[in-house]
Amino acid sequence: MRAGWQAAWLGLLLLPLPGNGAVVEEAEAKLRLTYGNGTARNTSIESSATLLPRMAISLGDQVWLETSARVRVHGANKLEPERPAYQNYTSASRPRMLSDDDTAELRDFYFELTLGNSNLRVGKQQIVWGNLDGLRVLDQMNPHSFREFILADFEESRIGLWSLYYDTSVGPWRAELVWTPDTTTHDIPEPGAWFEFQAPRYRYGASAGAPLPEITTDLPKSMTDDATYGARLSGAVGRLDIRLQAQTGLDYEPLGRLQATPSGVVLEQFYRKRQIYGLSFESTLAGLVVRGEFSAQPNRTFNTSDAGDLKLAEADQWTGAIGLDLNGPWSTFFNFQYVYDRVSSPPDGLVRPNTDHIATVFARRTFAYDAITAELRWYGTLDENDGLARGSVSWTLADNLSVELGADFFYGDEEGIFGQFQDRDRAYVSVAFTF
């Protein structure tokens, strides 16, 4: 019975076949084989085969269906504990377990309608409203999976939500509106996961390695009261591309509270709402691309800790970021980014630092007529000796075949954003075949 259910669900997941009047406009599937070794512990942390099928189907002159999926089968898997609970997902968005380690999930499934100078998308989708590389200031419409901390590309880690998206032209401006009744939140690694968070800021003030009570999750359920709404207005002002953004709805980062139960004290994760107001811009100056983002989150709710007792407090949070893109000599590309994040008038006992200063540097060079690409990335907190260095080399062996070798190195204090994983260095090899 179980095998039959899995086969039926997987058949649905692996993309619908076109019916009468439907035309397949695009169809492809990528098979990625990955092996990862935890070099600091000399242990295999992952060997997996990931199938990523996608299809675009025309259902008429003005109607399309976009759908994609991900099926992940493991030989070895220390990234997640056995049979993860996925407590943060709604039942309509939750990955399906094919075994204790293997999963299948619908990544996108939405209908897109063209209505004159407007577009309407209805279904499970990803809405990208940020323009930074590897950092999220305004890219807040969808939650993310931190299964691999921040090592996976956002396209891989972003969690699609069941949403309604509408965009239209208003004179020279573009207006976008979003309604998301799906209350799925960030996928935080569970206890025992390879990238289980250890820094006190992510553990409600508890020090790294300190035992936590049993963790439960109270996920919001109301499609109206807990829905997320967003609006963005985009246009050009002189040489600047400007975007104004407003968003209200669930804060995808969980808060914590201690609850007494008959079996003992449990740590219950729960969620509050927030508002985000943002401005972003982009401009090209003499070959240099300048990007910036600014967000304000008034009266955001934070946890405070007083002698181990968790409480709540509200404070304003301000975040600003600047990024520069530069094409250098010898087919090189450089990207520099800086983020300043501050909690104004921070309450006593705030479990996170009052301010964060984060910088990133990204360099890429291509060789052999773009067949070989070498990349170096660095993420660091400027007020602490804390960071992540990443390197990779990828070869395009054929139009549909590529190989990538890479390594990630963490350093710093166990209380830092990156240093908490100082014993989680890894090296990996990945082979991707598209058909």
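## A negative patch

D383, E384, D413, E414 and E415 form a negative surface patch. Such a patch takes residues with over 30% relative accessible area and no salt bridge, with like charges joined within 9 Å. A salt bridge here is a side-chain nitrogen of Lys or Arg within 4 Å of a carboxyl oxygen of Asp or Glu. Asp and Glu count as negative, Lys and Arg as positive; His and the chain ends are not counted. Each charge is placed at NZ of Lys, CZ of Arg, CG of Asp or CD of Glu.

E414 sits in the loop between β21 (401-411) and β22 (426-434). Strands are DSSP runs of E with at least two residues, numbered from the N terminus. E414 has a relative accessible area of 41%, so it is partly exposed. Buried means under 20%, exposed over 50%, and partly exposed in between. Accessible areas come from the Shrake-Rupley method with a 1.4 Å probe; for residues, only the protein chains shown count as cover.

## About the model

This is a predicted model: local features need pLDDT of at least 70, side-chain atom pairs count only at pLDDT 80 or more, and totals for chains, interfaces and linings use all residues. Residues are numbered from 1 along each chain as its sequence is written, and side-chain values use heavy atoms, with hydrogens and water left out.

## A nonpolar patch

L31, L33, V431, F433 and F435 make a nonpolar surface patch of about 410 Å². The elements that give two or more residues to this patch are β1 (23-38) and β22. For nonpolar patches, side chains of Val, Leu, Ile, Met, Phe, Trp or Tyr are joined within 5 Å.

V431 belongs to strand β22. Its relative accessibility is 31%, so V431 counts as partly exposed.

## Two buried residues

T185 lies in the loop between β8 (173-180) and β9 (214-217). T185 counts as buried because its relative accessibility is 0%. Its side chain makes a polar contact of 3.0 Å with the side chain of Y271. A polar contact is a pair of N or O atoms within 3.5 Å; within protein, one must be able to donate a hydrogen and the other to accept it, and residues adjacent in sequence count only if both atoms are side-chain atoms.

S295 is part of strand β15 (residues 288-306). At 1% relative accessibility, S295 is buried. S283 is twelve residues from S295 in sequence, and their C-alpha atoms are 19 Å apart in space.

## A loop residue

R94 is found in the loop between β3 (63-77) and β4 (96-97). R94 is partly exposed, at a relative accessible area of 30%. R94 and L106 are twelve residues apart along the chain, with 8.7 Å between their C-alpha atoms.

Definitions and conventions. Helix = DSSP H or I, 4+ residues; strand = E, 2+ residues; numbered from the N terminus. Buried < 20%, exposed > 50% of the residue type's maximum accessible area, 1.4 Å probe, protein only.
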